[in-house]
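This briefing concerns the nonpolar cores and the sheet architecture of one protein model. Please consult the sequence and the structure as shown here.

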Amino acid sequence: MTEVRVAGVGLTPFGSHPERTGRDLFGEAALRAFEDAAVDRADVEELNYGNFMGALAEHQGHQAPLMAEAAGVRCPATRYESACASAGVAVREAVRTVAAGDADVVLAGGMERMTNLPTAEVTEGLAIAADDLFEVRAGVTFPGAYALMANAYFDAYGGSREDLAHVASKNHANAVPNEYAQYRKEVSVAEAMDAPPVAEPLHLYDACPITDGASALVLVSAEYAERNDLDASVAVTGTGQGTDRMALGDRDRLARTPAADDAADAAYADAGVEASDVDVAEVHDCFTIAEVLALESLGLFEPGEGISAAREGVTTADGDLPVNLSGGLKAKGHPVGATGGSQIAELTRLLRGDHPNSEHVPDAEVGVAHNAGGTVASAVVHVLEVAE
């Protein structure tokens with residue numbers, strides 16, 4: 001198998017950009033990625049593009065050819081959809097393509113445009129990632145679904161709203177120096193505790209925002225990087241994917257995420273590393289409880305121990321295992337079709353040492369990215385390492 005290197009990464013600022021089109025956003029991210037990579041667009045052999053709700057938000061299906069045009073590439077282009085894990089799946093398939101020797105250069109990433117719609121329409125659009133027959137028609141929304149998961153976790157292992165408030169406060173603090181983050185402001189634990197409820201026990205600062213944005217990665221084979229004298233010092237050494245039952249009511253338990261368990265196991269095995277080797281992580285914290293569940297599925301904490309990690313300072317910027325130094329979905333933002341690519345971009349910058357928060361992980365060599373779809377019915381995990 002061929003080693004896969006991250007030659008370049010590109011992001012748009014995450015936030016509210018209702019005046020911009022999706023193709024404009026992805027074109028910007030791709031431009032930044034090519035500039036970072038110093039790779040000629042003509043060398044791109046495939047485009048893997050993630051998007052979830054473009055047909056609803058922009059009345060535009062069949063987006064892959066449009067995004068190839070926006071990126072300035074002429075090659076086979078495919079759109080991947082796996083709810084909030086859309087870009088993660090797109091990146092995974094790009095990694096597998098390069099690793100198998102089927103291509104030397106693949107452009108991967110994603111885009112979502114959401115703020116041009118009223119909040120109620122965004123909520124309705126996101127809800128199609130749940131089981132329509134048994135959840136959506138009964139009135140379930142994702143805040144409500146994750147509230148059920150949070151309550152199940154508290155019942156099984158203990159924990160409190162204050163523990164979740166520490167997760168929110170940590171991630172907001174991490175976002176402050178990140179030039180791509182939507183909310184570059186600190187939020188204290190007290191402010192998070194005092195925020196209005198959304199779905200108990202989740203309050204306003206437990207939820208990620210509605211976001212527009214795009215991500216792009218130029219992935220290349222190690223041989224291509226060497227031939228072209230590229231500065232591609234980070235490798236994607238492991239990838240894994242998992243699936244669970246769609247509806248919460250069909251699952252054996254709500255306080256665990258088996259899809260992420262499976263994805264993590266596969267990614268670690270693929271990379272030849274263990275959870276104990278991980279120095280830094282970017283995880284899918286669409287709600288604060290989701291970060292806790294992710295940490296435990298990744299094997300970074302035992303079941304029931306992830307809830308106190310932020311409060312005890314283990315996962316803070318200066319802790320033993322910094323998590324979501326980008327600000328996470330919670331504060332950096334969550335353009336759902338772009339998030340999986342964004343996580344890889346942020347980890348790459350952290351491991352290269354050119355991220356504004358790299359100072360907190362100066363000796364990091366192994367990073368892990370966790371991207372989830374829906375209530376983690378889909379999950380993708382990638383392992384990144386500093387290349388030897």
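Which residues does Leu300 touch, not counting residues up to four places away in sequence? They are Tyr268, Ala275, Val278, Ala281, Leu295 and Leu321, where contact means heavy atoms within 4.5 Å. The model is predicted: local features need pLDDT of at least 70, side-chain atom pairs count only at pLDDT 80 or more, and totals for chains, interfaces and linings use all residues. Residues are numbered from 1 along each chain as its sequence is written, and side-chain values use heavy atoms, with hydrogens and water left out.

**Nonpolar cores**

- A nonpolar core is a set of buried Ala, Val, Leu, Ile, Met, Phe, Trp, Tyr and Cys residues joined through side-chain atoms within 4.5 Å; buried means under 20% relative accessible area (1.4 Å probe, protein chains only).
- The largest such core has 61 residues, and Tyr146, Tyr268, Ile289 and Leu300 have the most contacts inside it.
- At least two residues of this core come from each of helix H6 (142-157), helix H10 (258-271), helix H11 (288-297), strand S10 (366-373) and strand S11 (378-386); helices (H or I, at least four residues) and strands (E, at least two) are DSSP runs, numbered from the N terminus.
- H6 supplies the largest share of this core, eight residues.
- Another core, of 29 residues, lies apart from it and includes Ala94, Leu219, Ile344 and Val361.

**Sheet**

- Nine strands form an open sheet with mixed pairing, in the order S3-S2-S4-S7-S1-S8-S11-S10-S9; two strands pair if DSSP finds at least two bridges between them.
- Strand S3 (77-80) and strand S9 (280-282) are the edge strands, each pairing on one side only.
- Strand S2 (residues 46-50) runs parallel to S3, joined by four bridges, and Asn48 stands opposite Thr78 in S3.

Technical notes
Buried means under 20% relative accessible area, exposed over 50%, partly exposed in between (1.4 Å probe, protein chains only).
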